[in-house]
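Trainee: Could you show me how to read contacts in a structure, from chains down to helices?
Mentor: Gladly, let's look together.

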Amino acid sequence: MTSPAEADAGSEVVNAGRPQPRRGISLSDAGPPIALVVIFGVFAVLSPDFRTLSNVQNVLDAAAVLAVVTCGISFVLMMGSIDLSAPGIMGASAIAVALLVANNRNDNDFGLFGVAVAVLLGAALGCLSGLALVVLKVPSFMTTLGISAVGLGVATLMFAGVQPNVTDPMLEGWAVERFLGLAHLTWIAVACVLVGVLVQRYSRLGRYAFAIGGAEEVLGLSGVRVAPYKVAVFTMAGAFYGLAGVLVTSQLSAGLVQAGKGYDFSAITAAVVGGTLLTGGRGGILHSAVGVLLVTVLTNGLVQVGVSPYWQGGVQGLIVVAAVAAAVLPQRRRNQVTK
Amino acid sequence: MKFTSRHTAALIGVTLAAATLTGCTEEAGGGGGPAAETGACDPADVKLVGQVRNESNPYEAAWLDGGDAFAEQVGLTQERLTYDGDSTRQQEQVSQLLAGDTECLVMNVLPNGDSDTPPIVEGAQEAGAYLVTQWNKPADLNVTDYDTWLSHITYDGVESGKQIGDALAEAIGGSGGIVALQGILDTGAAKDRFAGLEESLAANTDVELLDDQTANFSRAEALEVTKTLLSKHGEDVKGIWAANDDMALGALEALQQAGRDDVAVVGIDAVPDALTAIQDGTMTATVSSDGPWQGGIGLAIGYCVATGELAVEDIADEDRAWYAEQFLIEQDNVADFVSPETDESDFACDNLFSRSQGAMS
């Protein structure tokens with residue numbers, strides 16, 4: 001990101017300004033989808049249980065929460081920043097929504113309004129990350145880690161020793177009721193991906209996020225004020241994490257402080273597997289969505305073919321590394337910036 | 001960097017304090033001397049400390065409440081310490097305690113992990129503070145090698161895994177397929193509990209283990225894993241064995257989402273939501289270690305020794321590191337455990353080891 005060489009930076013700007021997807025399909029874009037198809041095919045051959053319709057539904061349902069988190073994190077990664085705040089923000093919003101809809105702790109029954117407040121709480125925490133980044137110039141790695149701790153702190157305070165269990169029929173229904181074979185949660189995740197794609201392609205926010213990741217300095221020199229867009233991207237990411245926290249709460253019918261545990265790294269993994277580069281300026285929401293499916297298919301498939309749980313962690317890691325290596329092979333030169 | 005130096009400073013502080021104590025006082029032995037000179041403390045001077053990970057965990061909060069109940073029983077108060085599952089913070093808290101007046105200090109500690117126990121034990125030994133630890137200690141660390149580390153209490157995971165395995169077998173009518181959700185695979189608790197299930201399966205030959213997967217003791221992971229297992233084995237699944245209640249509750253959600261109400265679920269830990277589920281009849285069984293008792297008993301042992309009612313050398317070797325009794329909870333006895341209370345007679349100095357199920361092997 002910090003200008004490797006003048007000439008290099010110059011040539012990147014052209015790429016960064018126009019997102020890859022608009023120019024037809026290149027080799028680097030095709031890698032992850034091909035990997036997805038191959039992995040899916042291998043599991044389908046190995047396990048008759050895997051290739052059933054109910055299991056495909058199951059995979060899509062299981063991918064929902066990760067997809068929403070990854071939507072948020074992808075914009076941050078496109079900018080070349082990193083975001084580790086998902087666990088804290090999800091924890092805070094999970095407890096918040098559980099306490100605002102009908103539950104066993106208090107008499108609140110705000111329904112959708114409660115969901116909106118939880119999402120706004122997520123956005124506010126995300127906004128804090130962004131502000132700390134641009135105002136205090138703290139690296140995003142540290143600010144988001146700090147905000148994650150703040151979110152967990154807020155969640156623990158609201159938790160107050162007694163777990164809030166959700167009794168709200170609407171929120172519980174999201175996980176149970178189905179439309180066209182998929183849980184409502186899954187459709188919410190699909191909607192998030194669509195919104196993400198629209199923002200990425202057609203809004204200034206999405207285009208600038210790309211440009212910032214590609215060549216922030218050039219953008220600055222061209223007279224664009226970068227800081228507000230950075231804050232906005234973190235705020236939007238926070239809102240996505242907030243929604244993801246709500247979805248986890250709906251699935252578990254309970255608000256958990258640990259609702260978002262592990263989602264920071266699995267979302268980054270999914271985004272990178274899908275072809276979004278940690279250096280910024282490449283990839284996008286659709287790439288990340290493919291990455292999410294790849295990771296979820298892998299988790300599900302290893303169970304379906306009966307790999308011993310003692311082996312699964314290692315095998316999964318190896319396949320992910322191989323998939324990333326295959327996906328970014330055409331971009332080796334650029335990727336070497338990541339040490 | 002900052003942490004290391006502060007840590008070192010704390011350590012030096014503790015060492016100095018210990019050295020000073022050895023020099024000045026006779027009662028509080030240190031540095032390997034014949035510490036634990038019993039009967040030194042006036043009951044009113046005893047300082048009781050209970051330390052667990054965090055109060056947001058209902059089990060550990062109940063543990064501290066049990067400590068309070070004991071303290072009240074002897075007219076004292078308990079200092080409640082929590083370290084948020086952070087080993088460094090636990091060590092800092094212990095160092096700070098030991099740097100103060102340790103003459104009549106009694107600590108009932110839940111070490112964060114096995115490796116956190118030795119420094120706590122060494123520190124207490126040097127400072128002459130009375131210590132009882134629970135759950136975690138390295139297998140090769142012997143309580144009998146120390147004077148002020150009075151006792152280590154833990155639970156036989158093999159036994160609890162077997163208890164719920166048997167309860168599950170009974171619930172599904174003695175035959176049929178079950179799946180197991182294991183805990184974090186490299187923890188002793190997960191290994192022991194699963195070994196217990198295997199023992200139970202050996203006895204219930206018509207029960208078949210269709211699959212075992214890990215859900216890392218997590219409710220959210222258990223939800224996903226159970227969904228996958230349900231789509232893999234479908235109607236063959238008659239029961240779900242989970243190595244803790246959080247996973248059992250996640251499995252219950254998955255069953256609800258799949259529209260299955262014919263599957264028995266068992267867990268371990270007796271968390272409040274699991275007890276509610278057992279009352280409702282959606283869950284079959286869980287196992288309780290009785291948190292409030294754990295919070296009281298550690299302090300009681302220390303208190304009895306500190307006040308001279310019990311001499312360290314009179315504690316039998318098999319009571320220095322022992323398995324405590326745990327209770328299988330099913331629908332017929334769940335009411336007794338919904339709001340557990342401590343029983344004063346459990347903490348009487350001549351009755352401290354009544355729940356022992358034998359020495360740790």
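This is a predicted model: local features need pLDDT of at least 70, side-chain atom pairs count only at pLDDT 80 or more; totals for chains, interfaces and linings use all residues.

Trainee: How many residues of chain B are in contact with chain A?
Mentor: Start by counting residues on each side, with C-beta atoms within 7 Å taken as a contact. Here, 25 residues of chain B meet 26 residues of chain A.

Trainee: Which elements of chain B give two or more residues to that side?
Mentor: They are helix H2 (58-73), strand S7 (207-214), helix H7 (219-233) and helix H8 (245-257) of chain B. H7(B) gives the most, with ten residues. By class, the side of chain B that touches chain A holds seven nonpolar, ten polar and eight charged residues.

Trainee: What about the domains of chain B?
Mentor: The assignment gives domain 1 (2-155 + 290-323 + 339-359) and domain 2 (157-288). Four residues from domain 1 and six residues from domain 2 of chain B make their contact. On the domain 1 side there are three nonpolar, no polar and one charged residues.

Trainee: And at what angle do H3(A) and H8(A) cross?
Mentor: For a helix pair, look at the axes, then the residues. Helix H3 (residues 53-78) and helix H8 (residues 184-202) of chain A have axes that come within 8 Å and cross at roughly 35 degrees. Their crossing is left-handed.

Trainee: Which residues make the contact?
Mentor: H3(A) contributes residues including Leu60(A), Ala64(A) and Val68(A), while those from H8(A) include Leu185(A), Ala189(A) and Val193(A). By class, this helix contact has nine nonpolar, two polar and one charged residues.

How values were computed
Residues are numbered from 1 along each chain as its sequence is written. Chains are lettered from A and ligands numbered from 1 in the order in which they are written. Two residues are in contact if their C-beta atoms, placed from the backbone, lie within 7 Å. Helices (H or I, at least four residues) and strands (E, at least two) are DSSP runs, numbered from the N terminus. Ala, Val, Leu, Ile, Met, Phe, Trp, Tyr, Cys and Pro count as nonpolar, Asp, Glu, Lys and Arg as charged, and the others, Gly among them, as polar. Domain bounds come from an automatic or database domain assignment. Axes are lines fitted to C-alpha atoms, for helices over the stretch in contact, and angles run from 0 to 180 degrees between N-to-C directions. A crossing is left-handed if the near helix is turned anticlockwise from the far one by less than a right angle, and right-handed if clockwise.
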